[in-house]
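Me: I am new to this structure and would be grateful for a close look at a single part of it, namely the site of the ligand. Please describe the surroundings of that site in one connected account.

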Amino acid sequence: MSNNKPLYVTQPSLASLDEYTSLLKGVWERGILTHNGPLVQQLEKDLCQKLKLKNLALVSNGTIAIQMAIKALELKGEIITTPFTWIATVSAIKWEGCTPVFCDINPETLNIDVDKIEDLITEKTVAIMPVHVFGNPCDVKAIETIAKKHNLKVIYDGAHAVGSEIDNKSLLEYGDITATSLHATKLLNTGEGGACITSDNVLHEKLKRIRFFGHDDSKDIVEDGFNGKMTEIHAALGLANLKHYDEVLADRKNKYNLYKTELSKVSGLRFQVQMNGKSNFSYFPVIFETEGMLIKVEKALNKENIFPRRYFYPSVNTYKNILPESSCPISEDISRRILCLPLYWNLNKSDIEKIISVIVENS
Ligand code: T4K
């Protein structure tokens with residue numbers, strides 16, 4: 001094992017401690033820690049402005065955001081989703097009493113294969129839940145056409161999608177509702193956190209009631225709600241970090257391009273293809289020819305104290321302890337061969353060059 005500092009798949013992009021504590025001073029003075037406090041309201045306003053969104057409701061994490069979207073749309077039945085995702089997409093569907101139905105992925109974009117969705121629609125289907133995998137925009141137009149034709153709702157799992165766009169419009173604006181994550185590992189973070197985005201004002205008000213026990217303004221219970229609130233402590237971190245959003249976004253793109261340019265010269269490596277808009281470059285996934293090659297490179301990187309991650313492995317449809325057996329051969333195959341390399345603000349150019357050289361030597 002080398003003595004180099006460890007390099008992880010990601011590290012949070014953080015404002016300075018002074019920027020954060022100056023916001024916390026106000027929290028201490030007001031003594032308001034939660035319940036839709038001024039910083040939560042400010043962060044919602046600032047995010048809407050920055051990302052050009054009509055509405056955004058902050059919540060305690062991205063998984064709750066997906067559950068709230070299902071609840072707000074009152075869905076009961078089958079939801080067609082992708083197996084190439086984090087388990088949260090599917091656990092949220094299950095926690096809301098719905099049944100996930102897996103649609104295999106496009107091997108280039110790694111997003112749900114829109115040509116396979118219609119074959120999976122039954123009389124029980126109520127919605128489609130695609131994921132913008134690694135911030136790469138799904139084919140939102142094709143998905144909207146299918147949904148309209150079959151009278152289905154669309155919820156995007158946009159956990160990775162802050163900063164991605166289609167036609168100069170935030171990717172978070174598509175679908176009936178998009179759920180996003182502001183987790184520590186995301187491009188913009190509040191430590192733990194998430195949000196529901198919808199351009200439907202009525203749905204937005206409903207989402208806000210759901211996250212607050214189902215209260216209306218007079219504290220009557222008018223919805224079947226729960227506790228999805230974000231605290232002022234988390235919102236303060238989001239506000240401090242948001243000040244650095246543009247530089248973080250630009251930095252990811254530069255680092256992504258550095259990896260891509262150099263690793264494109266290595267035969268046998270493949271990269272996620274972007275076809276439908278502008279990614280936020282929040283992850284750098286590499287697809288190897290075989291799992292054996294991936295394992296060889298991963299071991300060599302670990303020896304140098306470098307820790308990439310196998311997002312997403314295994315393919316979620318294969319979690320036999322919580323799901324009935326189903327087959328998605330493309331997702332299962334890609335899952336075995338894909339590795340996400342370190343990509344974050346504090347990663348230096350020399351760190352990236354080191355990672356590239358280890359991959360070149362072991363490919
Ligand atoms: N949908 C999708 C498609 C998602 O990817 C996710 C979450 C969700 C929904 C649900 O959103 P949330 O409910 O989480 O808001 C991470 C995250 O926990 C998870 O948010 C994320 N996706 C998933 C893809 O990755 P792990 O298991 O990789 O976390 P961990 O602890 O191994 O962290 C990875 C690296 O990050 C570490 O090596 C070091 C670094 N790290 C991590 C944390 C938590 C830090 O430097 N500081 C930290 O505080 O799950």
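Reply: The account below begins with the ligand and then turns to the spaces in the protein and to some details of the backbone.

The model is predicted, and local features need pLDDT of at least 70, side-chain atom pairs count only at pLDDT 80 or more, while totals for chains, interfaces and linings use all residues. Residues are numbered from 1 along each chain as its sequence is written, and side-chain values use heavy atoms, with hydrogens and water left out.

The ligand is surrounded by 24 residues, where a residue is near a molecule if one of its heavy atoms lies within 4 Å of it. Gln11, Thr63, Asp157, Arg309 and Tyr311 are the closest of these. By class, the shell contains 9 nonpolar, 12 polar and 3 charged residues. In this division Ala, Val, Leu, Ile, Met, Phe, Trp, Tyr, Cys and Pro count as nonpolar, Asp, Glu, Lys and Arg as charged, and the others, Gly among them, as polar. Two helices, α3 (62–72) and α4 (87–95), each supply at least two residues of the shell; helices (H or I, at least four residues) and strands (E, at least two) are DSSP runs, numbered from the N terminus.

An N or O atom in the side chain of Gln11 is 2.5 Å from an oxygen atom of the ligand. For Ser181, a polar side-chain atom lies 2.7 Å from a ligand oxygen atom, and for His183 the corresponding distance to an oxygen atom of the ligand is 3.4 Å. Taken alone, the ligand exposes 910 Å², of which the protein buries 76%; accessible areas come from the Shrake-Rupley method with a 1.4 Å probe.

The ligand takes up the space of the largest pocket, a molecule being counted as sitting in a pocket if more than half of its atoms lie within 2 Å of its grid points. On a 1 Å grid over the protein atoms alone, a pocket is an open set of points with protein on both sides within 12 Å along at least five of seven lines, a cavity is a set where a 1.4 Å probe fits but cannot get out, and lining residues have an atom within 4 Å of a point. The volume of the largest pocket is about 440 Å³, a volume being the space filled by probe spheres set on the points, which are joined across faces, edges and corners. Its lining has 23 residues, and Trp86, Ala88, Ser181, His183 and Lys186 lie nearest its centre. The elements that give two or more residues to this lining are α3, α4 and β9 (177–181). The lining divides into 9 nonpolar, 11 polar and 3 charged residues.

There are also 4 cavities of 30 Å³ or more. The largest cavity has a volume of about 60 Å³, and its lining includes Ser181 and Lys186, along with Thr185 and Arg252. That lining divides into 5 nonpolar, 5 polar and 2 charged residues. The second largest cavity has a volume of about 50 Å³; among its lining residues are Thr185, Arg252, Val9 and Thr10.

Some backbone details complete the account. Tyr311, one of the residues closest to the ligand, is joined to Phe312 by a cis peptide bond with omega of about -10°. Phe312 is found in the loop between β13 (306–307) and α10 (329–337). The peptide bond from Tyr313 to Pro314 is cis, with omega near -5°, and Pro314 is found in the loop between β13 and α10.

Technical notes
Polar contact = N/O pair within 3.5 Å; in protein donor to acceptor, adjacent residues only side chain to side chain.
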